[in-house]
Amino acid sequence: MPQHNVYSWTAIISAYADSGEVEEAINLFQQMQETGLAPDKVLLVLLLKACARLAALEQGRQLHSHIIKRGFQSDVIVGSTLVNMYAKCGCTEDARELFDNMSERDVVSWTTMIAGYAQNGLGKEALALYEQMKQEGMQPNDVTLGLLLKACASLAALEEGKQLHSEIIKRGFQSDVVVGSTLVDMYAKCGCTEDARELFDNMSERNVVSWTAMIAGYAQNGLGKDALALYEQMKQKGVQPDNVTFVLLLKACASLAALEQGKQLHSEIIKRGFQSDVVVGNTLVDMYAKCGSTEDARELFDNMSERDVVSWNAMIAGYAKNGLAQEALALFEQMQREGTEPDEVTYVSVLSACAHSGLVDKGRYIFNSMCKNHGVTPIREHYACMVDLLGRAGCLADAEFFINKMPIQPSSVVWMTLLGAARNHGHVEIGRRAFDRVVKLEPENAAPYVLLSNMYAVAGRKDELAKIRNEMKEAGVKKMPGCSWIEVDNQLHAFVVGDATHPQSKEIQAELDRLVGLMKKAGYKPNLSFVLDDVEDEEKENVLCEHSEKLAIAFGLINTPYGTPIRIKKNFPICGDCHNATKIISKIVGRDISVMDANRYHHFKDGLCSCGDYW
């Protein structure tokens, strides 16, 4: 061009800025100034937005200096854009200082600062600023209220969320599809899935975001079955899922060990071209691994066109959960050779793999190396893994000493891990000390009471058993029932202990009776210590026979062809009696049986378990 004016410079600079090439845009901006042309507010705002988008803080600070020099800082649009840039770069204090010093503020300015807090995980500050906004007589718009709902969701602040809901109704924003979807998300994240569903069902307009918000609500509240059922309705309505929808549905399948439904979703993902998305790919790897299909997970992992640290973590965690410690450690080494630096999550999975396989020395080495050689500061999860590593190996005194020397306050998870190890090794005194710590931190948790009761029962300490049961009753603590799921013909069937509600209950009981007879001939002796009720031994045997995983296995045997693998998902760790029984069943019926419990996968085949009875 023979001549350049401010408009032509703005055009080329905006082209680079919109393409994410902020440094080149800033270079052109400096060249423009060298020609003697002064930038206008439009150009400066455009560049600030580009810096915000890419979190380019240094370039943003340079622009801020130009803005001060040109005297544009008092302009409300420029000021709001500066606040947004600092907030998006994570500098909320700088953003707030700018906001407080603005000579003029409009609803956009307030909303920008609220967004800055909400997007940086500072929900309390966002809600406090909204109170100040109201005091100064500024009326929120639909965007403001949507951001505040997100802040409530992040804090699980239900009462504040309900107040905002009233405000939304008052201002007539409830019919807005974006606000409605955010309300659904808020109620679901506060654990009110029924309220969320009622809102969802009453929405006058719904888009993919609305459906995904409700699916997310179910998935995040452990209602994977409902999430998958809602997806079927979504398809019937002709709403096309996006990559976020698929990620949530795959997580629901993983939580239920619903492999067949996960495979169907995988086919849809391929059809829609989402498999190359790294987040979708990572979630697919995670789903296959959590459903016990590590070979499928590894094939996917190896064929990913792009991998990040999350990809490696998903595969390493998959091996760890399935008791494949050597494979997890080999992949951990490969990860480092290929130049991906392990993060906190990687070390949790690797240490967990060592713990579940009895690799005490290797686990100690990795923990020390993580701190000294890789600069990763241990968090509570790492300490819990080390306690688990020592506890499973029977080094209970070392585990307790390790906890007492921790540089951070031990969490209830750490003490629960020690309590579980004490239960497995019958160390009542250490178990009691761990119990006292857990109850102090989590007075409403039933799990420590159950573990300690079991320890007293096995040790024959009837007086202490009666005492701990009374303590549990007085504390008003109730044990959540164990539940097991099995997927047959793309349908999920759930069972709780003693369940007689299933339509095939009689057939299931008949199959169990048959199995118990064959198991006893094969040498099975029920471990009555896993029944805490003060009843006759015969009644205890009946209770053991009706544990949820045994009911699920019996259902699977009578509803699937001979030779078909059986996969069970359980919400608690498998008990010792069920573990022993399932080993024998796998040999009697000639089936591979997998049980994914709260801690790991157990793969039973020909009378053996993949855990080698080290669990």
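Predicted model: local features only at pLDDT ≥ 70, side-chain atom pairs only at ≥ 80, totals over all residues.
1. Residues are numbered from 1 along each chain as its sequence is written, and side-chain values use heavy atoms, leaving out hydrogens and water.

2. Helix 11 covers residues 177–189. Helices here are DSSP runs of H or I with at least four residues, strands are E runs of at least two, and both are numbered from the N terminus. Its 13 residues reach 18 Å from first C-alpha to last, close to the 18 Å expected at 1.5 Å a residue (1.5 Å times one less than the number of residues). At its start, a side-chain oxygen of Asp176 comes to within 2.9 Å of the backbone nitrogen of Val178.

3. Helix 11 is mostly covered, with eleven of its 13 residues buried (under 20% relative accessible area; exposed is over 50%, partly exposed in between; 1.4 Å probe, protein chains only). Among them are Gly180, Ser181, Thr182 and Asp185. The buried residues pack against helix 9 (142–155), helix 10 (158–170), helix 12 (193–201) and helix 13 (208–220).

4. Helix 20 (residues 325–337) also has 13 residues. Its span is 19 Å, close to the expected 18 Å. Its buried residues include Leu329, Phe332 and Gln334. They pack against helix 18 (294–302), helix 19 (309–321), helix 21 (344–357) and helix 22 (360–372). Just after helix 20, Gly339 has a positive phi of about 90°.

5. The largest nonpolar core has 166 residues (buried Ala, Val, Leu, Ile, Met, Phe, Trp, Tyr and Cys joined through side-chain atoms within 4.5 Å). Helix 15 (residues 243–256) gives the largest share, nine residues. Ile13, Met85 and Leu418 have the most contacts inside this core. A second, separate core of 28 residues includes Val488, Leu512, Ile553 and Cys609.

6. Arg591 lies in the loop between helix 32 (576–589) and strand 4 (593–596). Arg591 is buried, at 4% relative accessible area. Beyond neighbours within four places in sequence, its contacts (heavy atoms within 4.5 Å) include Gly556, Tyr562, Ser586 and Phe604. The Arg591 side chain reaches the backbone oxygen of Thr564 at 2.9 Å.

Conventions. Polar contact = N/O pair within 3.5 Å; in protein donor to acceptor, adjacent residues only side chain to side chain.
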